[in-house]
Amino acid sequence: MAHHGDHADTHADHDDHDHKPSGFFDRWFCGTNHKDIGTLYLLFSLLMFFIGGSMALVIRAELFQPGLQLVEPDFFNSMTTMHALVMIFGAVMPAFVGLANWMIPMMIGAPDMALPRMNNWSFWIMPFAFTLLLSTLFMDGGGPAGGWTLYPPLSIQGGNNVAFVIFAVHMMGISSIMGAINIIATILNMRAPGLDLLKMPVFVWTWLITAFLLIAVMPVLAGSVTMLLTDKYFGTTFFNAAGGGDPVMFQHIFWFFGHPEVYIMILPAFGVASEIIPTFARKPLFGYQAMVYATASIAFLSFIVWAHHMFTVGMPLGGQIFFMYATMLIAIPTGVKVFNWVATMWRGSMTFETPMLFAIAFVVLFTIGGFSGLMLAIVPADFQYHDTYFVVAHFHYVLVTGAIFSIMAAVYYWLPKWTGRMYNETLGKTHFWMSTITVNILFFPQHFLGLAGMPRRIPDYNVAFADFNMISSIGGFAFGLSQLLFAWLIIDTCFLKRGAKATSGVWEGAKGLEWTLPSPAPYHSFSTPPKIDDSVLAHGDVSH
Amino acid sequence: MKRQLGQLAGSGLALLVSTSVMANPERWQLNMTPGVTATSQDVYHLHMLILWVCVVIGILVFGAMFYAMFKFRKSKGAVPAKFTHSTTAEVIWTAIPILILLVMAYPATQTLLKVADTGNAELTVKVTGYQWKWRYEYLGQDVNFMSSLARNADEARQVGSGIDPNSVENYLLDVDHPLVIPTGIKIRFVITADDVIHSWWVPSLGWKQDAIPGFINEAWTQVDQPGTYRGQCAELCGKDHGFMPIVVVAKPRAEFDAWMAEQKAAKANPEAVAQSAPVVPVTKS
């Protein structure tokens, strides 16, 4: 290895001490190291991001102009269904689990995750689950086409794909639950002495809360899809009115999972922003404890707002009013978070490297998604917005410019720590500006389409909707192409190693235990527990 | 292009400030239609209220952010402050959103109560969703019919049809038999489905309501202005979900009564013919 001697001063080279598995198969298939598994999760997520993204491009290509040019409606529906399943369960969630695997042990002063063997298992379920899921596209009758929400009776009209999709969802659920157990066990048991819960970095806090959400709701999803399975294959009628069941019951159970699921995908993003903004503002995070309590409040509220996804099913008036008020309440802790990020930037000393750019774009664009979320909470207005492109615009603002932008911010922020090399800053900034401009061309016009009356999940539309659809499609293709830059940047940094060598601190204002380790971080992060000094923690004053 | 941009700006401005009737989607439409019923206009005003509240909050928050980004840059020699919290600030920015939410919740609840009141209707129409068409039934009138996508649009929408959607009037928003309703009276809808879940939505009426097999949902409207109002199924219901439009034609009471009489006559005639015709026994061979 030519570069072997280059960083002989780092721990990483003491291969004789770290017992790194020697063979490729042993290390990448049987390995239990938190960093290797984190890498596997992140690469898997990137692959799924491109697969799910290609499906989105099929959708945007068909919607480029009115009339059906490219695909049959049924295939269009399976593209929207699969795009959502792949992006949610394959791209966003594994990316955050990958970040958790890499960062939590380093942030709390631990050598590895608490349950390394289970860690290996929870990752390796995923490729099989997604192989099953994606294989349905090549089956007779095609992939699932009833929407990712799997509402019966439509979802069980599908052919054999139903059984495959449900089994795949079960496997993803098992993977998520094991990952969550591991994260909770690690955070509660492996913190360095002196690192109290209320001294943990906010990213660790958000993941602790997220992990509890996962354990609470993944079994609910498993239960609901199992009932679908027995309805289709074993003659039960849980969701069939003719047999005494209720199709709306499925929606209640699904969204009891689904709403916390939304926060599973955004709370770690809040954590990432709360790490990055103080670093580049060179100022402690404003209101650390308020941030933690706001996260916990959002998590609690996520369990009592599910029916706002289904205001039009014909709920009792009292139910509609309750779910409207409860949903509006979420604006309060979310507002606290946004205000605290702004206050962190206030009177700081800011620089704008790529991670900071993505973090700022995250705050602005996620807040726009939050505004449309507040609008959707208002029941009478939701009677107009529901199931239109307004909703599509809303959840892509919170998921793409929210969750995915924060994942990209996190990758740029910690990549030098992971690889020991700086990424190409010019390329990073180009990627940022191209992504941010094109993502708005892609999703902002969809607000107009929804308000003008275009339903979601339709393959063809009246010519009145043509102009904004064309703009949106152009934005979609440009956004998709911009992501090739991201893939190239990762190859450039991780494999070609062309960047400058990274110092242990990497960023001038970075604080926290992970920055006390050399770059790249040693294979077993902290073999001996670090001494906790409050002044090196990211949030300065730990008493507030 | 320039003309289109001008058109965009013009119609955008018009749409944001005017409340004029716009029954059907228009090119470059930016905003929700105020619709043609009292409730749809309440919903529109509620929508505009929340929108402006969000815009004002957005300007303040993003304004502060961008001010900070330009003012507190390291390249301008900014020295970071040391403060980590401010209880006063945190109490203020928790309390003010609560007040704003209360201001939004009051009109929202008022409007919701109005929308939910389906009592005292003079006419009830039963709507049933099928894959992929609607049945309309005038309860107590013995008149019912199916309503499907107009034939010309159905031909044009096939993959490789070679027909330009721009050449089809009201492409995908036209049906063979529209729902006809009288103006000026409260009409109650009872909505259900026969196979999977559909959702009945005409934006100009201001609401959508899911059609659920085995269950009956209620909604109501009162249209005062005669006209043709178009909408679509809003809940994914299978491959032709995008191809089951809804058309409501609101006619003045007298015209509606005449139309209804015509329907009844058309229904009565074939029956009369059937009764007078000799009954031919079916013979087995």
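Which residue of β10(B) does Arg230(B) stand opposite? I looked this up in the model, which is a predicted one, and found that Arg230(B) faces Val247(B) in β10(B).

**Entry 1, around β9 of chain B.** I then followed the pairing of β9(B) with strand β10, residues 245-251 of chain B, and noted 6 bridges between the two strands, which run antiparallel. I also looked up strand β6, residues 198-202 of chain B, and found that 2 bridges join it to β9(B), again antiparallel; here Trp201(B) has Gln232(B) as its bridge partner. When I checked how far strand β9, residues 227-233 of chain B, is covered, I noted that 5 of its 7 residues are buried.

**Entry 2, the open sheet of chain B.** I traced an open sheet of 5 strands in chain B, with the order β3-β2-β1-β5-β8 and mixed pairing. Its edge strands are β3 (143-147) and β8 (217-221) of chain B, each of which pairs on one side only, and I recorded an average twist of 20° from one strand to the next. Within this chain, β1 (residues 123-130) and β5 (residues 187-193) pair in the parallel sense over 7 bridges, and I found Val125(B) opposite Phe189(B) in β5(B).

Methods
Residues numbered from 1 in each chain as written. Chains lettered and ligands numbered in written order. Predicted model: local features only at pLDDT ≥ 70, side-chain atom pairs only at ≥ 80, totals over all residues. Buried ≥ 20, exposed ≤ 12 C-beta atoms within 10 Å, placed from the backbone. Helix = DSSP H or I, 4+ residues; strand = E, 2+ residues; numbered from the N terminus. Pairing = 2+ DSSP bridges. Axes fitted to C-alpha atoms, helices over the stretch in contact; angles between N-to-C directions.
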